[in-house]
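Dear colleague,

Please find below the structure that I am handing over to you, together with its sequence. My findings follow directly after it.

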Amino acid sequence: MNLEWYLVLSALLFAIGIIGVMVRRNPVVILLCLELMLSAGALALLTFSRMLGNQDGQVFVLIVLVVAAAEVVVGLGLVVAMFRRRLPLDVDEMKELKG
């Protein structure tokens, strides 16, 4: 398979993620769209790594995966805490994150 198709797929996934972040109001869906954007970036890094013939892109992909895992842990922790306190789970209604 041609490597340019991977870049096209990466751009498409990133665009879907951006649209999801901008349109949706549920914080869980926004987290999923951010994960989609990070995965698209990882796919692009792997493609460039393959094109250039070096292994540096794979190291960056590992870093992106660690950042994505940390983002999910913190984001889902905030969502669960807000759900337990019966705060609204609408991004437009979230004004501050005070306890």
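Met94 counts as partly exposed, because its relative accessibility of 26% falls between the 20% limit for buried residues and the 50% limit for exposed ones. Please note that this and everything below refers to a predicted model. Met94 belongs to the segment after α3. Leaving aside residues up to four places away in sequence, Met94 is in contact with Pro27, Met82, Pro88 and Leu89.

Ser49 is the second residue I examined individually. Ser49 lies in helix α2, which covers residues 27–52. With a relative accessibility of 6%, Ser49 is classed as buried, since the limit for that class is under 20%. The contacts of Ser49, again without residues up to four places away in sequence, are Asn54, Gln55, Asp56, Gly57 and Gln58.

As to the overall architecture, the chain contains three helices and zero strands, in the order α-α-α from the N terminus. Helix α1 spans residues 3–23 and helix α3 spans residues 56–84.

The dimensions of the chain are as follows. Along the principal axes, the C-alpha atoms occupy a box of roughly 50 × 25 × 15 Å. Of the contacts with a separation of 6 or more, 54% are between residues 24 or more positions apart.

Turning to burial and surface, 23% of the 99 residues are buried. The accessible surface amounts to about 7,200 Å², and carbon and sulfur atoms contribute 70% of this area. There are 8 positive and 8 negative side chains in the chain, with the centres of the two sets 11 Å apart.

Finally, a word on confidence. The mean pLDDT of the chain is 89, and 95% of the residues reach 70 or more. Among the elements, the highest mean pLDDT is that of helix α1, at 94, and the lowest is that of helix α3, at 90.

With kind regards

Definitions and conventions:
Residues numbered from 1 in each chain as written. Predicted model: local features only at pLDDT ≥ 70, side-chain atom pairs only at ≥ 80, totals over all residues. Heavy atoms only, no water. Helix = DSSP H or I, 4+ residues; strand = E, 2+ residues; numbered from the N terminus. Buried < 20%, exposed > 50% of the residue type's maximum accessible area, 1.4 Å probe, protein only. Contact = heavy atoms within 4.5 Å. Areas by Shrake-Rupley, 256 points an atom, 1.4 Å probe, with all protein chains shown as cover. Lys, Arg positive; Asp, Glu negative; His and termini not counted. Charge placed at Lys NZ, Arg CZ, Asp CG, Glu CD. pLDDT = per-residue confidence, 0-100.
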